[in-house]
Amino acid sequence: MAFELVGVVGLGTMGAGIAEVFARAGIRVTGVEADEQALARGRDHLDRSTGRALQKGKLTPAERAEILGRVTLTTSRAGLRDADLVIEAVPERMDVKVALFTELDGLCKPSTVLATNTSSLSVTALAAATARPDRVVGMHFFNPAPVMGLVEVVGTVVTAPGLVSEIADLAVRLGKTPVTVGDRAGFVVNRLLLPYLNHAVTLLDQGVAGRDDIDNAMKLGVGLPMGPFELLDLIGLDTACEIMGVLFEESRSDRHVPSPLLRSYVDAGLLGRKSGRGFHGGPADGQPEKAAARTVRVVGLPELADRLAAAGFKDSDDPDVILVAGGADPGSPKTVRVQLTGQVAQLATSVLTAQEAVLGARDLLKIAGYTPVPCRDRAGLVIDALLFAHLNDAVGMYESGYAAIGDIDAAMRLGCGYPAGPFELLESAGLATVRDGLRALYAERRSPSLAPAPLLDHLVTAGLTRFPRP
Ligand code: CAA
């Protein structure tokens, strides 16, 4: 199909971004909103996003005018009649989407492809609500749509042969990389991403570590572009909670139970960027307490010892703080267990550790040039607990036959800006390290979803260090 005129219904953050993506690719777009106020918000999104590109010199004023000139904004759905493709990006409610698809089905020409940008609802159920189930697909973009390079193209058991690859070709024309998948809750990205984000909320709720410390650990320790709480605020806490609910409905897995703390934020109307406040954006925390550690003993961390010695700290037999390498016995109220990952220093504190020692350790690690992440001494601390469980989910997804390793890696790199895909991260961390870390997590929590995926276990047992790829 030529796809010369595309309709976008719903011009919130995602819909407006999708309209921009099509217009940038030279395709005419009719953007539809329910009322004038919502339409004005959509226009504002488009103006701001293209304005930002203009300011950065990425677009000339003439190019920007051309892009905006390709977009017709209206409150009338009649303009969609002759569209070759209509994508909906309305709120994530099945009843709302079914009503819209039923209307579009009656309105649009028979050849129009109806697509949903749903992040987790059943594309098959939407297809079945129309008289053209063979011409209904999922076309899932990522926030911010003009920036993220992935489109998940979702076909169902009733999609016409060839349509999925036509939509994948269209995604390429938009400058995106398509990953084609079957209709399963959360597709690839949300099925992997959301449980990881939810897990971060659980660690916060359990007091394992603070919000900013968890964000820092995952950005600086793993190289992710945003911390989990920053990303939740971008996605929207209500959307995140809804996706978790849909995942749980389908899987009944303990890993998919929405965190009660996440629900509380949603109930309180703190939805993230869209409402001005979510995990971030509230009143600033008070000044961190100060501690004055003057003397220190460092055990099993030669580089840290050198850096502290260079900063003038002398090794002492009766120190204010004892910093020990991971695995060494925490032992006394002055002892803090340190695990260094890149520039992040996780500071594990036990029930024995004195608050003075934690504050002292935090300041010493800052002086030594690390980003300290104080946390409770739990299996995997923050980074391995979140990352290994996330990577295990990816292995489980591959093992279930839902998606190929290359597609899972590409989806997380392009959809979420990961520096490497889950399998690449797994191989660079070491399969045995991740398997053993998962065993420790499982032994502590007894949560079935934390048990190493059988394939991971088998590869380690067979002495392999890479996943088999075709
Ligand atoms: N709209 C348009 N353009 C935007 C933008 C927005 N909202 N935000 C950033 N940009 C552009 C900037 O203009 C800039 O463009 P150029 O490179 O052409 O100059 C580029 O993006 C990089 O922006 P910045 O340098 O300002 O910021 P950054 O380097 O911190 O990157 C980011 C910002 C691209 C958002 C990056 O932090 C990132 O990749 N984050 C991960 C986002 C993610 O995971 N998204 C998926 C969420 S899941 C989802 O959406 C699916 C769902 O169903 C819930």
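## Contacts, cores and ligand shell in a predicted model

The side chain of Asn-117 reaches the backbone nitrogen of Phe-141 at 2.8 Å, a polar contact in the sense of a pair of N or O atoms within 3.5 Å, where within protein one must be able to donate a hydrogen and the other to accept it, and where residues adjacent in sequence count only if both atoms are side-chain atoms. This is a predicted model, in which local features need pLDDT of at least 70 and side-chain atom pairs count only at pLDDT 80 or more, while totals for chains, interfaces and linings use all residues. Residues are numbered from 1 along each chain as its sequence is written, and side-chain values use heavy atoms, with hydrogens and water left out.

Asn-117 lies in the loop between β5 (113-116) and α5 (123-128); helices (H or I, at least four residues) and strands (E, at least two) are DSSP runs, numbered from the N terminus. With a relative accessibility of 8%, Asn-117 counts as buried, the classes being buried under 20% relative accessible area, exposed over 50% and partly exposed in between, for a 1.4 Å probe and protein chains only. Not counting residues up to four places away in sequence, Asn-117 touches Met-14, Ile-18, Ile-87, Glu-88, Ala-89, Met-139, His-140 and Phe-141, where contact means heavy atoms within 4.5 Å.

**The ligand shell**

The ligand is surrounded by 19 residues, of which the closest are Arg-52, Ser-119, His-140, Asn-143 and Asn-190; a residue is near a molecule or strand if one of its heavy atoms lies within 4 Å of it. At least two residues of this shell are supplied by each of α2 (36-55), α7 (189-205), α9 (228-235) and α15 (405-416).

| Protein atom | Ligand atom | Distance |
|---|---|---|
| Lys-56, polar side-chain atom | oxygen | 3.3 Å |
| His-140, polar side-chain atom | oxygen | 2.9 Å |
| Asn-143, polar backbone atom | nitrogen | 2.8 Å |

The protein covers 67% of the 1100 Å² of accessible area that the ligand has on its own, with accessible areas taken from the Shrake-Rupley method with a 1.4 Å probe and, for residues, with only the protein chains shown counting as cover. Asn-143, whose backbone takes part in one of these pairs, is also joined to Pro-144 by a cis peptide bond, with omega at about -5°. Pro-144 itself lies in the loop between β6 (136-140) and β7 (150-154).

**Nonpolar cores and domains**

A nonpolar core is a set of buried Ala, Val, Leu, Ile, Met, Phe, Trp, Tyr and Cys residues joined through side-chain atoms within 4.5 Å. The largest such core has 95 residues, and those with the most contacts inside it are Val-188, Leu-193, Leu-456 and Phe-467. Helix α14 (residues 383-399) provides the largest share of this core, 10 residues, and the core draws at least three residues from each of domain 1 (5-181) and domain 2 (296-376). Apart from it lies another core, of 35 residues, among them Val-113, Phe-141, Leu-163 and Ile-167. When its neighbours within four places in sequence are left aside, Leu-456 is in contact with Asn-392, Val-395, Leu-426, Leu-431, Val-434, Arg-435, Leu-438 and Phe-467. The two domains, whose bounds come from an automatic or database domain assignment, have centres separated by 52 Å, taken over C-alpha atoms.

**Positive phi angles**

Phe-187, although not a glycine, has a positive phi of about 50°; Phe-187 is found in the loop between β8 (177-181) and α7, and it is buried, with a relative accessible area of 1%. Leu-381, likewise not a glycine, has a positive phi of about 45°, is found in the loop between β13 (371-376) and α14, and counts as buried at 2% relative accessibility.

**Two partly exposed helix residues**

Arg-173 is found in helix α6 (residues 163-173) and is partly exposed, with a relative accessible area of 42%. The side chain of Arg-173 reaches the backbone oxygen of Ala-2 at 2.9 Å, and, leaving aside neighbours within four places in sequence, the contacts of Arg-173 are Ala-2, Phe-3, Ala-25 and Ile-27.

Glu-250 is found in helix α10 (residues 237-251) and counts as partly exposed at 43% relative accessibility. The side chain of Glu-250 makes a polar contact with the side chain of Arg-191 at 3.0 Å. The C-alpha atoms of Glu-250 and Ala-185, which are 65 residues apart along the chain, are separated by 6.8 Å.
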